[in-house]
Amino acid sequence: MRESFPLISPASSGKELTLRSVLPPFPCVFLFLDSASVFQLGLWKGKGILAVVDPYNILALAASHSLPTWRLFVGNKGSVIQNVSHVSFHRSSWLLLAPLLTPPVPVITASPCSLCPEGAHRFQWIRNLVPEFGISSSHVKVLSSPAEFYELLKVQIKTAQRRVVMASLYLGTGLLEQELVDCLEETLEKSLQAKQSSNLRVSILLDYTRGSRGRKNSRTMLIPLLQRFPEQVRVSLFHTPNLRGLLRLLIPERFNETIGLQHIKVYLFDDNVILSGANLSDLYFTNRQDRYVLLQDSPEIADFFTELVDAIGDLSLQLQRDDTVRMVEGMVHPYQGRDKMAYCEIANRRVMEVINSARTRQELLHAKTFHSSQQGSSSLSQQGSQASGGLRPEPDTWIYPLIQMKPFGIQIDEMVTETLLTEAERDARIYLTTGYFNLTQAYMDLILGTRAEYRILLASPEVNGFFGAKGVAGAIPAAYVYIEHQFYSEVCYLHQQERVQLQEYSRAGWTFHAKGLWLYLAGSDLPCLTLIGSPNFGYRSVHRDLEAQVAIVTENKALQQQLHQEQEQLYLSSGVVSSSTFEQPSRYVKLWVKLVTPLIKNFF
């Protein structure tokens with residue numbers, strides 16, 4: 001269906017612009033000014049045009065009014081080049097950037113296209129939002145099991161010389177967790193006994209509410225380290241600013257964790273970084289399936305995540321040797337006082353400083369490398385490589401850190417994820433997995449409305465982490481079944497069963513916690529992109545918690561094969577969901593669960 005309406009335009013313009021609407025409720029529109037430029041606007045329902053980036057990384061557009069009143073701006077100074085004379089809406093297959101725009105949105109400042117290396121991958125638009133780290137695929141190792149993850153953690157701790165940085169939801173209190181703490185203590189002791197003064201620093205970031213649960217908890221596990229190595233160890237406990245006042249006093253332990261958490265999982269040791277969705281708990285070391293990737297000898301990536309954890313740590317309560325907590329001097333308190341907005345604004349600036357400074361550094365490095373190669377000289381890139389310990393191979397893999405902290409107005413991961421779902425072409429395949437199937441409405445609409453094939457892996461009730469829990473929590477697996485059934489019914493109603501397929505992970509004696517996606521381009525048997533980290537693609541991940549994951553884009557066939565094997569191994573332990581699935585006795589959902597689920601689904 002076509003719809004047209006006129007807009008004001010200067011007489012000198014003489015150009016007709018076409019806006020192409022793609023998908024409700026998140027339409028993307030494109031302005032075709034000439035054959036060389038494609039200008040795209042992202043529209044959010046009823047909120048007008050906020051920002052735009054073109055594929056050549058030159059354009060920035062802003063407007064303060066909903067259609068049909070807006071103006072086009074080019075360049076950093078925002079000079080007006082023309083208003084629109086005529087607009088027509090129709091569906092289009094052109095997809096460049098998804099609808100990214102709910103305020104506040106980070107300002108997208110793009111690099112000149114001349115900096116793009118020849119043959120660069122198609123996902124370079126992500127670096128308009130976050131730093132791009134180019135590495136060799138030989139530095140990337142995909143792990144497959146909890147035991148492998150645990151052993152790697154211990155080895156990395158024991159061999160660390162400069163820094164150990166660990167961010168997790170919590171640290172468990174069992175024997176395996178104590179062994180990790182013992183490894184830290186042993187490494188710190190060795191560093192003190194070294195002839196020179198110790199350079200080793202340990203920084204641990206956990207969630208305050210989850211890490212304080214029970215009499216024996218994450219805090220009591222770590223206090224001995226603080227007491228013995230006060231100058232080398234830092235333990236930060238993030239407290240969401242949304243849990244405050246009367247709400248904080250009334251909500252009991254465990255339930256207070258539904259308001260918001262520190263959910264980032266990153267473990268780095270010197271220049272080696274492990275990205276995962278796994279927490280530091282015995283289940284995640286034995287029989288709770290997750291995903292894990294090791295980035296070896298990646299100093300720039302390690303620096304970035306160190307700075308990110310430091311920034312969140314500065315915004316968090318600091319654990320003391322007597323089990324008390326206090327804020328960094330001069331920092332606004334996250335839940336005391338009435339000035340929640342002041343805290344959130346400071347947090348936004350602090351985190352965005354980390355992202356933007358890293359992005360600037362990488363752009364400068366990228367520019368030097370490009371210009372030196374253009375001049376037929378590799379001296380600059382060699383100098384940069386030597387400074388990091390030797391000559392590095394040409395990158396064939398790119399790492400993009402994606403941060404989501406909606407309480408602070410940071411929505412980068414949401415933006416990139418929506419874009420990837422939106423622009424996936426016909427015959428492309430997306431394998432998406434989550435331990436807690438509770439997709440946001442936006443993600444569901446994009447999956448049901450776009451043209452790619454989807455294979456969605458989720459936990460069967462028996463491998464859900466809440467299966468068999470006491471009290472109200474024991475009904476959570478049934479609530480997930482109800483949400484799954486509703487989504488499957490919508491898929492069937494739209495006759496999309498062949499394109500969108502649900503699969504349930506089932507493995508005796510195990511639970512399932514893996515999350516992320518793998519993107520296979522049309523005609524390819526191997527994925528070129530994966531997302532791996534902490535987000536579950538649900539409401540909590542998008543709106544409540546602090547999340548981080550990375551997009552790994554690779555042109556290397558061996559690494560693509562590693563990622564493909566990881567995906568196949570997870571999906572091999574699954575069965576396809578059909579109408580008969582919900583007729584099984586284990587899928588029976590009580591009436592009260594059906595009534596309550598819509599009211600509480602945004603909290604789990």
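Trainee: What makes strand 25 and strand 26 a pair?
Mentor: Two strands pair if DSSP finds at least two bridges between them. Strand 25 and strand 26 (residues 529–533) are joined by three bridges in the antiparallel sense, so they meet that cut-off. Within this pair, Leu519 stands opposite Leu529 in strand 26. Keep in mind that this is a predicted model, in which local features need pLDDT of at least 70, side-chain atom pairs count only at pLDDT 80 or more, and totals for chains, interfaces and linings use all residues. Residues are numbered from 1 along each chain as its sequence is written, and side-chain values use heavy atoms, with hydrogens and water left out.

Trainee: Where do the names of the strands come from?
Mentor: They are DSSP runs numbered from the N terminus: a strand is E over at least two residues, and a helix is H or I over at least four.

Trainee: Which strand does strand 21 pair with, and over how many bridges?
Mentor: Strand 21 (residues 429–434) runs antiparallel to strand 25, and five bridges join them. There, Arg429 stands opposite Tyr520 in strand 25.

Trainee: Why is strand 25 called mostly covered?
Mentor: Buried means under 20% relative accessible area, exposed means over 50%, and partly exposed is in between (1.4 Å probe, protein chains only). In strand 25 (residues 516–520), five of its five residues are buried. Gly516, Trp518 and Tyr520 lie on one side and Leu517 and Leu519 on the other, so both faces are covered.

Trainee: Is Asp270 buried or exposed?
Mentor: Its relative accessibility is 16%, so Asp270 counts as buried. Asp270 sits in the loop between strand 13 and strand 14, and its phi is near 55°, a positive value in a residue other than glycine.

Trainee: What makes strand 9 and strand 18 edge strands?
Mentor: Nine strands form an open sheet in the order 9-16-14-13-10-11-12-17-18, with mixed pairing. Strand 9 (140–143) and strand 18 (325–327) each pair on one side only. For strand 9, the partner is strand 16 (residues 292–295), antiparallel over four bridges, and Val140 stands opposite Leu295.

Trainee: How do you know that helix 1 packs on the sheet?
Mentor: Contact means heavy atoms within 4.5 Å. Helix 1 (residues 146–159) touches strand 9, strand 13 (266–269), strand 14 (272–276) and strand 16.

Trainee: How does the span of helix 12 compare with the one expected?
Mentor: The expected span is 1.5 Å times one less than the number of residues. Helix 12 (residues 476–493) has 18 residues and reaches 26 Å from its first C-alpha to its last, close to the 26 Å expected. Its buried residues, including Tyr480 and Phe487, pack against helix 11 (441–449), strand 22 (453–459), strand 23 (500–505) and helix 15 (591–600).

Trainee: Where does pLDDT stay under 50?
Mentor: pLDDT is the predictor's confidence in each residue, from 0 to 100. It stays under 50 over residues 1–120 and also over residues 384–389, while the protein averages 81. Where pLDDT is low, the predicted coordinates should not be read in detail.

Note on methods. Axes are lines fitted to C-alpha atoms, for helices over the stretch in contact, and angles run from 0 to 180 degrees between N-to-C directions.
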